[in-house]
Each structure stands twice: as structure tokens, then as C-alpha cells.
There are 4 protein chains.
Amino acid sequence: MDLVKHLYPEDMVLQAMPDASPTRWHLAHTTWFFEEFVLKQFANGFKPHHPQYGYHFNSYYEAVGERWPRSERGLLSRPTCQEVVDYRQQTEERVGVLGSTLSDQAWAEAAKVIELGLHHEEQHQELLCTDIKAAFGLNPLFPKAFPLPGDKAADDPQAHAAANERWVNFAGGLHEIGYAGSDFHFDNEGPQHRIWVQDFAVHGTPVTNGQFRDFLDDGGYQTPALWLSNGWAWVHESSITKPLYWHEIDGVWFEFSLHGLIPLRDDRILSHVSAYEAMAYAEWAKARLPREHELEIALGQSSSDEGQFLDPDGFLHPHLAGRDQGLGSAYGTVWDWTQSAYTAYPGYYAPAGAIGEYNGKFMSSQLVLKGGSCVTPPGHVRSTYRNFFPPGARWQFTGIRLARDL
Amino acid sequence: MDLVKHLYPEDMVLQAMPDASPTRWHLAHTTWFFEEFVLKQFANGFKPHHPQYGYHFNSYYEAVGERWPRSERGLLSRPTCQEVVDYRQQTEERVGVLGSTLSDQAWAEAAKVIELGLHHEEQHQELLCTDIKAAFGLNPLFPKAFPLPGDKAADDPQAHAAANERWVNFAGGLHEIGYAGSDFHFDNEGPQHRIWVQDFAVHGTPVTNGQFRDFLDDGGYQTPALWLSNGWAWVHESSITKPLYWHEIDGVWFEFSLHGLIPLRDDRILSHVSAYEAMAYAEWAKARLPREHELEIALGQSSSDEGQFLDPDGFLHPHLAGRDQGLGSAYGTVWDWTQSAYTAYPGYYAPAGAIGEYNGKFMSSQLVLKGGSCVTPPGHVRSTYRNFFPPGARWQFTGIRLARDL
Amino acid sequence: MDLVKHLYPEDMVLQAMPDASPTRWHLAHTTWFFEEFVLKQFANGFKPHHPQYGYHFNSYYEAVGERWPRSERGLLSRPTCQEVVDYRQQTEERVGVLGSTLSDQAWAEAAKVIELGLHHEEQHQELLCTDIKAAFGLNPLFPKAFPLPGDKAADDPQAHAAANERWVNFAGGLHEIGYAGSDFHFDNEGPQHRIWVQDFAVHGTPVTNGQFRDFLDDGGYQTPALWLSNGWAWVHESSITKPLYWHEIDGVWFEFSLHGLIPLRDDRILSHVSAYEAMAYAEWAKARLPREHELEIALGQSSSDEGQFLDPDGFLHPHLAGRDQGLGSAYGTVWDWTQSAYTAYPGYYAPAGAIGEYNGKFMSSQLVLKGGSCVTPPGHVRSTYRNFFPPGARWQFTGIRLARDL
Amino acid sequence: MDLVKHLYPEDMVLQAMPDASPTRWHLAHTTWFFEEFVLKQFANGFKPHHPQYGYHFNSYYEAVGERWPRSERGLLSRPTCQEVVDYRQQTEERVGVLGSTLSDQAWAEAAKVIELGLHHEEQHQELLCTDIKAAFGLNPLFPKAFPLPGDKAADDPQAHAAANERWVNFAGGLHEIGYAGSDFHFDNEGPQHRIWVQDFAVHGTPVTNGQFRDFLDDGGYQTPALWLSNGWAWVHESSITKPLYWHEIDGVWFEFSLHGLIPLRDDRILSHVSAYEAMAYAEWAKARLPREHELEIALGQSSSDEGQFLDPDGFLHPHLAGRDQGLGSAYGTVWDWTQSAYTAYPGYYAPAGAIGEYNGKFMSSQLVLKGGSCVTPPGHVRSTYRNFFPPGARWQFTGIRLARDL
């Protein structure tokens, strides 16, 4: 609820495009997840909060039943925002008292689903931010979703001095990839398995706005040889000439942020580019995108506690972290596109039932992203985490980290 | 403002389809009309209320400049509803004091545009009702835009007893068609001109729900011989099997109204059908749709003060008026589709400038409708008034009145 | 068959767009009309030529049964052209011997349908020409459907000297409109009825290429005030900047003709414009398009035997006829767009059965055209004939004739 | 030319869908490849055969210049088939005499491009077959592209007895993947590199029609849990209920072949399914699709000389080869879908210039297929060959081979 404290009800029903959901839908859907998969399965004498909410707020779980079409979520103004807040509070209370009514064994089972539900809600906290950004980004008034904080990151050029030309080398050979422990992780992070890796290097910082402007000024968007065939078609069909939120107004460049329109600073980290743009940039820069397992190995040697993760009162925009060693800004700045298709690890099978639809069924025509962005909840990501989006998606905080063979 | 008193801010930004506009847009656009065409032209030292509102709230006036795309009006959550209310109040005040600052001649000119603006706003009052109905009609919760009044019309079957099989005959010959007086009227209602008319009859009441159910039960929607070629294509492409707001739930028929879902009563007047459905019904009933001038002649012999016009506290749904003579329910129930294309009267030329875009430029592929509906503001319609919509439009309160040759 | 003598089999299966049909389809469909409506109804022991041809070659007759989709006629390469020629010959023979096997009364009935079939085939002769023009007009090689004849019309500038600024006046009052005699005419040409007409003038010649270039050079395609709302949307969605077959190559203007690419001569009659372009031009020229009945009255005072009608060895392209009196080039040059929607005359009812689908069911969203073009078969048109196309259609030989009030 | 000897000119201009090209286009494009990349680069005093053919017959080479849109190849009837045959003959002659005019070094370079052009033409021989099948498969007359041969494969049930439930095991560990030799191979087959593989099994024969009918009869197409999210959307949007060329006519199943409609035999190999269908079938059969490198390893242990490769006089339809050991029908029956996205091998960089567009730019949203089909030219495939298509493609001879972990 902290994330929406600056929004009006008008804002919360807005759906910018089929991929993005209204704020109010996120608030209700994450609650529905607890109602459907926890209360309905475990609570004695379960009755739904409202008979229609299951239909309204199911996202994509075929096993659970019919649902309102995803692309038309912006056509529903009821239930109102207040009714959704009530739904959240009452469901939270019902989950809160569940433990005292269950046997130890039932509670252990329920607790696992509750833990999944909490991680699910963390994922939607990030989507809530990117979706309201998409909604406000269309409006010529450039509304602010969050007030601009007065912190150093937002306005101090000194904070950005650390960007440099630094490649970090990693040794190949046989590596173990995937999650092996017993702590919480998503099913698609396993099973752990061996993989043969060649020596490689990853750049220490993601590409900056200034670096990408060089690509743009060099005619990158007009040079077919830099693009994949699908990417070139996408550039033309969508009339793409710049990153999603860049605006040139009377000869001056700005970028739209969750804090409204701000000047485009060359020393900030580039965000909101598609994988096609990332690949074309890499081709232009005579490098390549990293492979999924390369970034997992590299991230395994970085620490995740120094990022600029989601903070409702912070600067919700990518910037350099100023770290000198290893992969600066590896976590908590932008998601790094990889060239790796999102597919099942050897030995992976999706769990049976609705929960099995969580990750497995999306293993087609999507690419893996690694790391985490400035609106990723802290503690949510880890080196084995596999984010995935289609190559043309741009409304997430997606950036470019270069790699090369050694 | 009286029309929106039961709505939430969430409701007021919703756009059900490209043809329908959000409530808040109607509130702002009708105010913009006064700002653009009155204040900007006549007020000394004019400054716009907000530099972006002209772009936001221009509907289709090419001569005035660029505008936000019509089909994306639902993508704007700002300015907020409260900001639009402020815009209305301040603009009203500015127009209110305008007279005292102008010469008599300038004021006479301004007053003519103000009168046009008031009629313009009356048209949008009707659209506001039909557009919020379209928005709520999509929601499985079937919200109410207005509470159901406890009046006789809403629930008393006695009020509907007057429907009967009654044709009213009219004599042909040379008739004068179009507006001739000096009172307010739209440009497209003139010039008055002569037309030769054959003897004809018009039915005393529009088609009822019960009569249309007979057509439906007789397989009307599955019989190509009843339909125009374009209509038959429309039925198939849009998968049409019943009027827009009819719902069959567990074997019982309902219709969606501005008061939520109500039982489908056979003795209520049919509404929300396209011209294609109207023509197919007429073919099935071995009659035809009236021509534009036939209804103008017929309406000229009815009085307009007994209809069920727009009343924010009334029953906003078509029903029989119970009149025994002439054309019962000729005004204030449903708009009657005609078979006549909307074109210029002989001698009509659109005025120069932006005001000339009001009516003239829509004279292509639309049909004229006559009369007025239960959400038409009282006093707004007259026999010469020419409403027009494309033949496939259904979200207005459009009904069927049969005609035949004598 | 004479019309296709210069085509290759490759050409005859080509469908340029959904509205245009392959040459081979026209040859087969006109034959199918005789098989379905003559032989099947009247011939003893009727057997179809091929069990699938009815499905292949029915155009739009719902009463006859299912048919191959119109927009996919170019996806059928079989039956081959030779098989279609065989189909034509054998069907002709079967119709030829039909008379000797029927009673007088049956033959009288059959003869009426045969007469309709012949007129139907004449209509398709025109469509065959315009459809192959559409197909060849897309090809950068600009193939010729007919060799360019060496006649005066094609290359002698003297033939074009007669264009001048001449308006022809007509007196209004009560007029009889529609066909009244017993000779062949289409059902939609009647019944004859009275209409009150105001005095009007029609221009003696259709608009020339040179006149339309003035409109183009004056920014006509970029001036929204000249266009209907639908027309302006059409210009933008279809990126229209000139008549359909005009090409500017290295600064020189050409137009594509059935004889390949030829220089664009200012003194030739303009063709291949939509009704939207015609209306915008008329607005620019401070005139208007004629009404349907105005042209019928004007045509009634012209003779139809001096046009440049369809002649497989002639110059199949609009040019001035050089007549000094009345409406020069009224027949046999271009079809004149009118501003009148195509609707039923008072008292018109479509005949029952499949033949009733011939004209009646298209009375929606189309405009009437009058006169006849250089590829209209001679004797096919008359003053009461009503051609009709949607306002955006351009692949017919459609031109502009101005009218004005007196 | 042998492949088109049974076709009519009408057939050769037909484009069934945007992905499929007309026969005549294949004949001309493969010739253009020699003209553009051999003659233009190496021949003294080069002049193009025709100035427009480069524009007409370039497929997708951006570096070479503009080209006619792929989806509109069926809109060109000129040059005629005979003109294309002439183009082929004359170009062949010009290439034939090229060697005698060049230095040894120039000839060595030219010979490498000629070799590429020959392999390019072999690829188009396969496409020519699948594209004419797509064209004829739409026609209710079900034309034959090739006469049905009287051989054993086409009609002898004994030939199909070898299908059985046989899994073939393969040992994992470090394997070398990719082409290493100096013989001809495509750029995307290298560089050779090491990969760590887990033990796996591949089924000895691809799935048969009968096995897939069990899936269909078990409701496979109606069970969302079996499908990827994209696959389920594809099934619904495209209304998919069976493999591409299956037809149920009066309760009897047939499949459309290059020899026309033939009975659907349970013991024939299934073909013309998408990767989505393949994955759903594998899920239903409690197995999975193989990975690209697994099939390369398995194919490396099969011989390619026993397949049913493209033979213009043979049976051009998948059937069992009757081999008892190893992977029967591994080559020359159907292409096996893999679950592996088509991406660059470590160290792969596309060559500079137009030739570099051959393979590299398609590495997005496509899956690799391995093996080869009954219309693949003999000698064209090898274990390292990487075919690729989007997951929804069905018009190639694509089948299902199951794999599983050990």
C-alpha cells in the first residue's frame, strides 16, 4: 500500500497497454492469490470474499477457471479502489489467524504457499511500479508517481563518477548452475546441473545513456546490418528511434521517470530498451550480450546488498552505484538482457496443478534477464533468479551489459 | 454535474470503446468548447486555464490544431476529476462576467456562440449517459450509474398497456422540410426546401422487446435473406445474436440499464439495436424503415413535451408513454433509425472555420435518426433535428419504428 | 474471350486485392450464372458440369449456398484456364439448345433469365478490365493488358481541344425518375416515381488531369477543411497523395493504363479517384458533386451512342470526345460520382429468391455513380442505370463532374 | 526444373500465405543468387539480365538493396514462367563459362560462392515442394503436384511394420558439437565447441499418425495443462484442432499430400505439426522434446544414405523406413522439432556483407530442427545441420521425436 500512497483513484484503474495491468488490479490479484491458494485450500468453512472476484482477478491460471481478459483489465472500474483495500485487509486478517486453526502438518503446507504468495507479491510490487510508469509515460502532462527525493543519487553528479571501461574476466570450465539449497526459490531455478563454460568477460557496468546516445547519433537505428531480422522488422513496424522513455523537446533530451520528466544525463545507466536494441548496440560496440549462465556465474561473485532496490521514498531510477570492484550495479539498477532463451533446465518438470503454471508454461519465445532493478524489492533477487520477457518488451527497467569471449 | 453525482473517480476515466468517451472527458470537453470558441475569441487578455488542456480536450476540430487521439481517451488519468471540476467552475465564472466587458455588438456575437455551446453541452449530456452505460455494461458486476427510482414507469405494468397495432397515415404531396425560423437550430437543419412525398404510414409506437423476441425466436439472426449484405457481414464479424444489452442468465432474459440489470419486459420499448438489425426486423415484419422526411412530417404533428426526457432522478430507460393518439413515445423514448443517409440539404454549405466542422464533415456513411430518447435533454429535440450515426452503432438508445407505403 | 486474348495464364489467376477478382474467375462466374439460374432451373435431367464449380464460382448468393471466400479467389490455381474455357463452351452449347426442349411458357421465363445473364456478363466485362488493371498496376514492370492502338484518341492532341469552361443549366420542378418501360432494366431502376428538383447546373465535361493537378499542387491533399471526416481519415490511413494510377518518376508524371505506363496529359479526363477525393476537389473548386437524380435528368438529354465504350481493339482510357453541345463525354468516358447514397426508390422491394440478391442487398454505405466509362460495354448504360460503389473505391474508371445550384 | 514438370503456369504464381513463395519465385530467386553474388562480383563487363529482376527476386538481403515485399510475391504475374526459364538458362550459361575468364585465385573465390549457391538452391528445392503443397492444400479440388508413384512405400502396409516402442540410449559427458572439417557447411554450424551433456534417450522412430490420433482423441487439443502459454494462445487464435493437412470427410480421415488427398494411415509418420503441438504431445506422452545437441549426437551415429530424400519420381510423403537398429527414419522422413532456441554457438560471428545475412540474423524466436525430410535433397543434411523455424510453423514436413532423461 505504501507504493500507491501518492496515486489518485483515477490513476489506479488505468491500463497503458495489454502487457501492463492497472494498479488496483495488482493490489487485488496478489490478495486473490492468498485467497485462492491458501484460504480456499486450508481454511475451514471457506467462503470467498465476493463471488465474482475470482473471475475478476485470476491472472492466467487455467486450472483455476475462466478469467476476465488480460487486455481488458482497464475496462473495469468496479470494484472500487476502496473495495479492493477492504478485500486486502480482510484477507490479510483471515490468513493471519489461519495458523491457529490448523494441524502442524497442514500449517507447514500452508506456510509454503504463503511464502510463495509473498514472493509473488514482491514480483508484483515491481510490476506495479513499471506499469504505472507506462501509464503515466503516455500522458503529455508527465505525472509523477512518486515525489523526487532530495537525495544524493537523484541530483549529485559526483555519485556517477565511477563509470569506466572495465572488463571483468571469469574462468570457464565445468560449473554448477541453478539453485541447490533448501531456502525459498522458484521451481524454474532448478535442478542444479553441470554446464561447460568457455572463458568469458563481462563489463563492470551496464551501458550508460551517454554511450547509447553515441550509438543513436551514429545512425544505429538506421543500420540494418546491426539488427536481427526480427529486430529490424520491430524497429520499422513500431517506428522505434530511441529508448522508450526518451523525449527530445526543443532540442534538449529528457527521460521520463517515476518522478516525472527529468533531464537525460549521460552518466546515468540506460534503461527501458528491448533485447533487439541491446543486441544491435552490442553488435555496434563489437561485443555481444552475455549468456544466462555467464551472468549467473558473475553474479555469484557479487553481493546483492548494495543495490538501489525498491524504496517508496527513494530515487526510483537507475544510476551508478560507485563501486570500484567487480560488477558495480550488478543488482538493483537495471535488469541485464541475455541472449539466452528461457527454457527448462535438464531434469525440470513443472509441478502438477495450478501452481505448476507459475513459471513452466512461459518457456517459449522469451529471453532470460539477470540481476535486478531499482524497483526490484530488496532480497528478492539472487544469482540463480531467472527473469524473462519477450525480446521486444521495453517497459521494464531493462538495460544492456556487454560480454565478450576471452 | 448532476449526472455524475453517483459515480466514483474510477468510473469517470473509463473508455469502453473508441466511440465512447470517459465521463471526465465529456465534463472537460464541453468546458473547453466555451474556452476555445468564446473566451479565446472574445475575452480581453485571454490566457488558457492550462496550456495542455486544448490538446487534451479538443474532440475533432482540425482547424483548432492537434489533439489527443480519440481512441486513447481512456489512457489519461490526469488531470484528475477534481481538476476538471475546477476547470468547469472557473471557466463558467469567466464566461459569466464576459458580457460586462464587451460592446453590444461583440456580446451579440459571443452570445450566439454561447448558445451553440449550451446546445453542444446538451448533446454531450446524452452521450455521457450512453457512454457510461457502455462502460458499466461490460462489467460482470453490472454497476448502476443511477439508483432505480420508485416511480410508476419503472415498475408498474399498467403504464405499458397502451401499446397496440396502430398505423398513422400521412398525406404526401409537396412538403417543406428543414428549419425556417430564427430560433436556435443547427446548420444542418437548413435550408428549408421543398420535397415531393408519397402517401405513407408510420406506426404509432416503436417496436417492443416482446415483438423483437418474436423475430429472434423465428431465427431472424440466422436468415441471410432478411439482411443487407453489409449487415450480414456485420452480424458474422461481430458475432451478433441479440440486442446490445440483452443477457440470458440461466434461461431468464434481462437487459442492462443505467439502473443495473433489470428483467427484460416484453411490454417495454426495444432499444440498443443497429440500423442493420432495424432493417432486418422491418423486412421480417413486411414493412420498412421510415425515410427521414417522413418522420419529420410525422413529428411535426406530435408535441414534444410529453416524453420521458433526461431526468437525473427519473427512470432512464425506454418505456411506453401511454398516449392514445398520434405517435405515442415519438419524443423522449428511443431514437428512430431511418433508411436515409445523412447528407446536405439542397443549398447547404458548411460555415467557414472550426464551427463549420460541427456537422458538415460527417456527411458520409451515416444514417439519420429522428425523435429523441429517454436520455435526451428536454427541449433539445424538435421535428427538424437530425441525429446521425453509422448503421452498426448500438450504444445509443436506438429503436425501430416501422413505416409503409399507402 | 476477346478481352483476354493478350493475357497469359499466369495473369489470369491474379487477385490484386479483395475487391478485385481474377480474370479466370470472371470467365467462370459469368458461366456459372447461366448454369445455376438457367440450366439448373429449366434443363431436363440437369447435371452440373463439375460438382465443385458451384462452390468455386458463386459470388455472393446466400440463397444458393456456401461459396469460396471472395478475398481468397487468388489462392485457387485450379481449375486451370483451359478447363474454364471448356466450361464456358460446353455451358454455352447447353444454353443454346435449351429453347428447343422447352414449352413456350417455360422458354419465355428462361429467356428473361438469359437476358439478365447477358447483362450480368456485360457488367463483368467491365470488372474484368478494371480488375486486370488493378493487378498489372501493382507490378513494377507495368505490363500491358491490351496493345496500344495507333488511333487518334491515343496520341493526337487535337482530339482534346474541346475541353472548356461550360456549365449546362437544367430546370427543376416535378420530374419523373426511374425506368418505366418494358425493355430490359435492373430491378433497382424502378419503380418510376416523382421527385421535386431545384434548378441546377452540371458541368459539360468531367474534370481533367490538368485541373486535378492544380488541386494537388495547391495542397489539396493536405488541407483538412476540404475533406469529409471519413475522407480525411481515409487519406491518412491509406497514405493517399494522388490518384490511384498516377506515378511521378524522376520528376515526370505518368499514369498507368490498360496499355501500360503512358505520359500524364493534362488534357485527358481524370479517372480512378474516390468519392472522397471527388468531394474534396469539388469543395476546393467551390462547387459540389451532383445528386443522382440531377445526372439522370441531364443524361436523359444526352445521347449514349457517341461514347468511347469498351472495344477490345480500341483506346481503353478516358479522353475527351470533342463534343460541343450538352454533356460531352457523358457516356463512355468515366463514371461520375454523385453525392447520393444508393437506396431503394419509393415502392421498391427486392424480388424473392437468389435473383433478389442481385441489387437490393447492397443498399448500405455506397454511393451512386452515373454515366459509364471507356470500358463499359456499349448499349449497357442508360440514364436510369444506377452504378454503386463505396466512397473509398478507386479501381473503377471513376471521375468527377461538378454541379452547382442555380 | 524437374520438380515443376507437372505444374501449370497458373500454379506457379500462387502464394498460399506470406511465409510461402510462388514456385516461379523460387526458380527466379535461386538464379538471382548466382547473378548477384557470382556474376556481379566476378564477371567482366557484367550487365544484369533485366534491370528489375534484382528488385523482384531479392529475398531478404538488406545490404543488396530494396526488394519487393515478401508477403506480396503472389501479386506478380510477370515476368512470365517462360521468361523465368529463359533467365535460368542464360544465367546458367554465363556461370558455366565464368571459370575460363578468371585467374586461379578469382576462380577459387567464385567457386566458393557457387558452392554456397548450389546449397542455397537445394534448400529452395525443399521450400518449393512445401510451398506448392501449401498452395494446393487450400484448394477444395485437392490438386496433385506429383503423380502418385506405384512403389511399395506408397501403398504396401508391409513397409510400415517396423514401428515399435524402442528407446535408444546415449551417454553424456563432454561432447564436441558443431562442424569442424573443411568441407562445405553453413556458417552457423560452427565453430565446433565443447558442451557438457547428461545421459539421455531418444526414441527410435518419430511419432506416427496413429499415436497422434490417440492424443487427439484423448482431448489433447482441449487440455490447457499440456500446452505452453504461447501454444495455448496459438491454438485458440488459429482455431487449431488437428495437424495442418488432416481432413475428416464424412467420418473418414484423410491427409493431403503432394500426391493429393490420401487415406490417413495410422502407421505412417506424423508430419506438419507445430512445435507447440509437438511439446503438448510430448507432455501428454510423459516425455519431452530433444535438445539440439542431443539429436546432433544421436544423428552422428546414424547414416544418412538410407532416407527417403527428395526424388521427383518417388513417394514424397513421410513413411517408416523399416530399419531395425538405431534411429530408423532419422534422415529423410520428417524434421524433428527440438526444444532449443536457434542461437549463435560460442565464438560465432556472422560474416560481413550480404552473405552474412544468410543465417545469423534469424537468431531470434526460432527453434532448431534436426534430421531432414522426404523432400530434403539427398546429401544436403548432416548431423551438424541446423534447420530453424518459428514454433508455430507447420507447412514444413515437421514431426515429433520424443526424448527423455536417463
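Select chain C and chain D of this predicted model, and begin with the polar side of their interface, across which 8 residue pairs are in polar contact, both residues of each pair being at pLDDT 80 or more. Helix 1 of chain C gives the most, with 3 residues. By class, the residues on this side of chain C comprise 17 nonpolar, 10 polar and 4 charged.

Next, display the side chains of C:Asp11 and D:Arg78, which meet in a salt bridge with an N to O distance of 2.7 Å; across the interface of chain C and chain D, 2 salt bridges are found.

Now widen the selection to the whole contact, to which chain C contributes 31 residues and chain D 31 residues. The area buried between chain C and chain D is about 2400 Å², and carbon and sulfur atoms give 65% of that area. Within chain C, pick out C:Glu10, C:Arg78 and C:Leu141, which lose the most area to chain D and together account for 29% of what that side buries.

Finally, move to chain A and select helix 2 (residues 23-42) and helix 5 (residues 104-137), whose axes lie 9 Å apart and which pack at an angle of about 170°, so that helix 2 of chain A runs roughly antiparallel to helix 5 of chain A. The contact of these two helices of chain A has 16 nonpolar, 7 polar and 3 charged residues.

Notes
Residues are numbered from 1 along each chain as its sequence is written. Chains are lettered from A and ligands numbered from 1 in the order in which they are written. This is a predicted model: local features need pLDDT of at least 70, side-chain atom pairs count only at pLDDT 80 or more; totals for chains, interfaces and linings use all residues. Side-chain values use heavy atoms; hydrogens and water are left out. Contact means heavy atoms within 4.5 Å. Buried area is the accessible area (1.4 Å probe) that two parts lose on being put together, summed over both. A salt bridge is a side-chain nitrogen of Lys or Arg within 4 Å of a carboxyl oxygen of Asp or Glu. A polar contact is a pair of N or O atoms within 3.5 Å; within protein, one must be able to donate a hydrogen and the other to accept it, and residues adjacent in sequence count only if both atoms are side-chain atoms. Helices (H or I, at least four residues) and strands (E, at least two) are DSSP runs, numbered from the N terminus. Ala, Val, Leu, Ile, Met, Phe, Trp, Tyr, Cys and Pro count as nonpolar, Asp, Glu, Lys and Arg as charged, and the others, Gly among them, as polar. Axes are lines fitted to C-alpha atoms, for helices over the stretch in contact, and angles run from 0 to 180 degrees between N-to-C directions. Angles under 35 degrees count as roughly parallel, over 145 as roughly antiparallel, 65 to 115 as roughly perpendicular and the rest as oblique.
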